[in-house]
Amino acid sequence: MRVFYLAIFLISSYSVVYSQTLKSGIKGVVVDESTGNSLPYTSIQVLSTVDTSMVAGGITDDDGKFLIQVGEGDYFLMLDFMGYERFTTEAFPVQGESMVDVGTLTLTTLTNDLDEVVVQAEKSTMELALDKRIFNVGKDLGNAGGSASEILNNIPSVTVDAEGNVALRGSSNVRILVDGKPSGLVSFKGGAGLQQLQASLVDQVEVITNPSARYEAEGMSGIINIVLKKDRKQGFNGSFELTGGHPRNIGGAANVNYRKNNLNFFINYGISYRVLPSRRSLYQEVFHTDTTFISRQSFESDQKGFAQNIRGGLDYFFSESSILTASYLFRRSDGQRYSNLLYEDYLFNTDRLVSYTDRIQDEDEIEPNNEYAITYKKEFDTEGHVFTADVRFLDNWESSDQLFTQQTFDPSGQQTGSMLQWSPNDETEMSWLFQGDYTYPFGENGKFEVGARLSLRDITNDYLVAEENEAGERIPLPGFDNNFIYDENIHAIYAIYGHEFKNISYQVGLRNEWTDIETILEDTDERNPRKYTNLFPSAHLTFNLVNDHAIQLSYSRRVRRPVYRELTPYFTFADSRNFYSGNPNLNPEFSNVFELGHVKYFDKGSVASSLYYRQTDAPVQSIRLVDETGFSTTKPENLETAEAVGLEFTAGYTPTSWWKLDFNFNLFNEQVRAGNFEMIPDIETTTWFARQTSRFDISKTADLQIRANYEAPRKISQGRRKSIYFFDLAFTQEIFKEKGRLTFNVTDIFNSRKTRTEIEGQNFFTDAWSQRVVRQINMTISYRINQ
């Protein structure tokens, strides 16, 4: 904290000095011609009218505004933004110590004249900035026919593991939002819940690695915000999509908008039926006295899912600067899972089979989710003077009914035992969110922001595991019949002060969050209340340099509270020998995050690099314990501390008119200290991952895309995770006179995307691999109207 307050003092002192020296310059704002939306990070060059040499330069801020200091003279501006036509202003003078306001400058999206048909260019796949990166989903051919989970796995810095868990820069402590707010899509299953949201409903994904106090403090490695499609153009416009694939993937989607005068209606609908095969294998040795017990386990599963997503709403324009929006999102998923798990038990070596057991899981699952939202936005006459208010209600539930049939045989095939188990499980969530934000600009380039947020969340999990006895009665198993209640209330307020002068801008912020969480095991009356109040400071200092360079130094304090699934004592009984559960005694993790970022814009692309450091107290890691019979229990535990330092490099480059490539590389070192667990050694690992995408224009109406992915080996608690590599391929052809598109894609061409781990404890060794998603082949047809 002393370091933080010292930084604030130095930055504030620096601003006073420069505000006194700022005497003459050029200011303005850049917007999109068709939508009127501001264009942040537009490259601006100030050129002399004498010899057209560049005198100064910079980029626009988050609101599309710019301020560039120059001396007396005659100048003109040249503006560049990827996906837009270059814009050059008329010449104008700067005299004495005057500040010239060039007003609002508009940029037009690029167009190409192909056989007398005008085709509007799409946004760039990737837009790089210092504090966040924007990835436009529609431009990435590999996303066609997929899900939101598969979108995230195609995004630089982001990885998705075999269980659907999402990580940012190698850390799973990431906050996932939908349209900037929490969503029921990720309530029960975390990132894995995004498997049920079709990619065709998503417009873009924002990755914010070091958020300011404006954002909730949750998510230590950052925030991933999934933005759903919506338009506000006058008249009717929309897009439609049909998908077919193998393994079976049948779906369709429609995104429609209609605006007339001060009313705008929007609706998104998606329907899909998918079959998701998954596989895993495990080899385990357990040592007890002078005996070695060996177990081989193989698992195969087919999950069939029928999902529907519908989101509708309207915008009422009191004026173009005063908008009230009401929306409703309904999602229902009906699933069926049929799994077969084979256990083979040996003594001393794999030549001495003792027995084998076959366990079958038959599960039916229903999961409806409802989300209601009302949002109001008011833009005042002064640029950047904005008030927004948001109220949301989430009502979600999930009901599953599982039947487990198990039979055991001796080496000759003679049945020696059988078991029938039944597990109904009902989960519910009701959540309210109230939020208000106000931004007030002052002086030439000052800005003050305040806001408040209230989140009320109640989750229940009524679970039971019963076993059939000889009389045919279903008897509950001890410890597996309870109702788990999770009650969470979080109150927050924040304030941010920012200022821009010359080519330097800064902002400092402070967020205060009051947290009240209680977990209850209702039937046994076990209560675990947690109350704590925390301050979360943040600071960002940005230097806009000449020749389209910018540097940013940032700091924020973050928190990761245990999520519902990490606290509930029951997950699933699908595997009768390997149990996974939560831990009601988990404490929150707190991190201090520092980042130094650099971005360079040039004619053929952009490059962003970051050096980051993250220090964490009480990090959560999954710990696996195995008893003398070979049965394991895995649950999350708080370790002592963790530190991570990394270097990230992201670039977009167009070497020729027919070749566009994106590249992402992340190298980091992590040290985890587990002094509070004697059986867990301290961990230090250095690892990296890389992703490269090339897109080729093979004709005026056809594109080819190839993507390579690689994750290096990494040490984890109790062992290591081996390397992961896979390749994707996509092809697209414009059809229907450039109003439609036919896309063919293959994800994981060589079916090599497997998570492989080795885990070792005091009395056991485990070697396992899993493949949650196998190679997928999709064919998608889309059609656009007035887009």
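This report describes the cores, strand pairings, pockets and cavities of one predicted model.

## Basis of the description

Because the model is predicted, local features need pLDDT of at least 70 and side-chain atom pairs count only at pLDDT 80 or more, while totals for chains, interfaces and linings use all residues. Residues are numbered from 1 along each chain as its sequence is written, and side-chain values use heavy atoms, with hydrogens and water left out.

## Nonpolar cores

A nonpolar core is a set of buried Ala, Val, Leu, Ile, Met, Phe, Trp, Tyr and Cys residues joined through side-chain atoms within 4.5 Å, where buried means under 20% relative accessible area, exposed over 50% and partly exposed in between, with a 1.4 Å probe and protein chains only. The largest such core has 19 residues, and those that touch the most other members are Ile26, Val46, Phe66, Val70 and Leu77. At least two residues of this core come from each of S1 (25–32), S2 (43–48), S4 (65–69), S5 (73–80), S7 (92–94) and S8 (99–107); strands are DSSP runs of E of at least two residues, numbered from the N terminus.

Leaving aside residues up to four places away in sequence, leucine 77 touches Ile26, Ile44, Gln45, Val46, Phe66, Phe87, Thr88, Thr89, Phe92, Val102 and Leu105, contact being heavy atoms within 4.5 Å. A second, separate core has 18 residues, including Val158, Val174, Val178 and Ile226.

## Antiparallel strands around S20

Two strands pair if DSSP finds at least two bridges between them. Strand S19 (residues 249–260) runs antiparallel to strand S20 (residues 263–288), joined to S20 by 12 bridges, and asparagine 249 stands opposite arginine 274 in S20. Two residues lie between the strands of this S19 and S20 hairpin, where asparagine 261 takes a positive phi near 60°.

S20 also pairs in the antiparallel sense with strand S21 (residues 291–319), over 26 bridges, and arginine 279 has glutamate 300 in S21 as its bridge partner. The hairpin of S20 and S21 likewise has two residues between the strands, with threonine 289 in the turn at a positive phi of about 50°. Strand S45 (residues 764–771) is joined to S20 by eight bridges, again antiparallel, and serine 770 in S45 is the bridge partner of arginine 280.

## Lysine 531

Lysine 531 is placed in strand S29 (residues 526–545) and counts as exposed because its relative accessibility is 67%. Not counting residues up to four places away in sequence, lysine 531 touches Thr515 and Asp516. Isoleucine 490 is 41 residues from lysine 531 along the chain, and their C-alpha atoms are separated by 9.9 Å.

## The second largest pocket

On a 1 Å grid over the protein atoms alone, a pocket is an open set of points with protein on both sides within 12 Å along at least five of seven lines, a cavity is a set where a 1.4 Å probe fits but cannot get out, and lining residues have an atom within 4 Å of a point. The second largest pocket has a volume of about 380 Å³, and of its 24 lining residues Tyr463, Gly479, Leu521, Pro569 and Tyr570 lie nearest its centre. S27 (474–501), S28 (504–521), S29 and S31 (578–580) each supply at least two lining residues, and S27 gives the largest share, five residues.

## Cavities

Nine cavities of 30 Å³ or more are found in the whole structure. The second largest cavity holds about 130 Å³ of space, and among its 11 lining residues the closest to its centre are Glu150, Asn153, Asp728, Thr747 and Arg753.

Notes:
Helices (H or I, at least four residues) and strands (E, at least two) are DSSP runs, numbered from the N terminus. Grid points are joined across faces, edges and corners, and a volume is the space filled by probe spheres set on the points.
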